[in-house]
Amino acid sequence: MIERPIVEIAPKTWLISDYKLDNFYLLEGEEKALLIDTGAGLGPVEEEVRRLTDKPLVIAATHGHGDHIGGSHLFEEPTYLCKEDMVFVTEDGRVRTEEEGNAFRERYARTRGRVRNPEATEEELVALIRKDGAAKFLPMEGGMVFELGGRPVEVILTPGHSLGSVCFLDKKERLLFTGDTVNDCLLLNFWPITTTLQEYRDAVARLWERREEFDYICQGHDCLEKEDKSFINDYLEAADKLLSGELKGAEIDDGIHQGLGIYYNKVRLFYDPEHLR
């Protein structure tokens, strides 16, 4: 039977892996708990969260893609979503994706699930899919602070992978939760729902300017532990070299993503040559 990895990466801070497809995080303060993202809507996520904390729950999303807010309808609490990313949800709160609801989850489980969980059968992965439903969303803006009780968490607007992508700065534990803004792979090749390379470069530059405020980053995919914050600088340097013409992209197919991109140090960056600036 396939199991969901759950790792305590810092005191009262859990990385909850969506069966290795994406990561979301639970942070507990003295008064409340914050759930950062809700995954794709696979498995008993609400029960697993409640086994970790009994504190009142606040939910906030790094961005509006279906693999990060697809489980929001499983919770009674509304999900905070940056206002620029409200385009990804319909008026009744269903996730608007390339293939909606259950169809998106099934495609996600059947394709990426087999890559990330080669030991699992296709039947086991598909059995994880939860029935689609409507969620509640509240608008969020950069600069907001979620106070959990002795643990403030700041919202930092970082447009790039989506117009309303954000990172969350946990000031107590000195962690930066980056969603898809800083993984080992970045997709900027879906204009107009991704920004220009210049806009993304400026966003990560602002993060790097604040690097003394955090020790590690916590990514939205792949890594099941805290990661080195130098990933941010790798993306900053890669973007600068592409914008200056020092580097040129090539066609990449990594088994999941395809398109024009570059490998640079620890990261790979897919981009749209028609929308550099």
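How many residues lie between β1 and β2 in the hairpin that they form? In this predicted model, two residues separate the strands, and Lys12 in the turn has a positive phi of about 55°. Strand β1 (residues 6–10) and strand β2 (residues 13–17) run antiparallel and are joined by four bridges, with Val7 standing opposite Leu15 in β2.

The antiparallel arrangement continues from β2 to β3, where five bridges are found and Ser17 stands opposite Asn23 in β3. These two strands form a hairpin with five residues between them, and Tyr19 in this turn has a positive phi of about 55°. A further hairpin, through four residues, joins β3 to β4. Here four bridges link β3 to strand β4 (residues 33–36), again in antiparallel orientation, and Leu27 stands opposite Leu34 in β4.

Strand β3 (residues 23–28) has six of its six residues buried. Asn23, Tyr25 and Leu27 cover one face, whereas Phe24, Leu26 and Glu28 lie on the other.

The largest nonpolar core comprises 29 residues, of which Leu176, Val182, Ile232 and Leu269 touch the most other members. At least two residues of this core come from each of β10 (166–170), β12 (185–188), α5 (197–209), α6 (230–244), β16 (258–264) and β17 (267–271). The greatest contribution, eight residues, is that of α6.

Beyond its neighbours within four places in sequence, Leu269 is in contact with Leu186, Leu188, Leu197, Tyr235, Ala238, Leu242, Leu260, Gly261 and Ile262.

Notes:
Residues are numbered from 1 along each chain as its sequence is written. This is a predicted model: local features need pLDDT of at least 70, side-chain atom pairs count only at pLDDT 80 or more; totals for chains, interfaces and linings use all residues. Side-chain values use heavy atoms; hydrogens and water are left out. A nonpolar core is a set of buried Ala, Val, Leu, Ile, Met, Phe, Trp, Tyr and Cys residues joined through side-chain atoms within 4.5 Å. Buried means under 20% relative accessible area, exposed over 50%, partly exposed in between (1.4 Å probe, protein chains only). Contact means heavy atoms within 4.5 Å. Two strands pair if DSSP finds at least two bridges between them.
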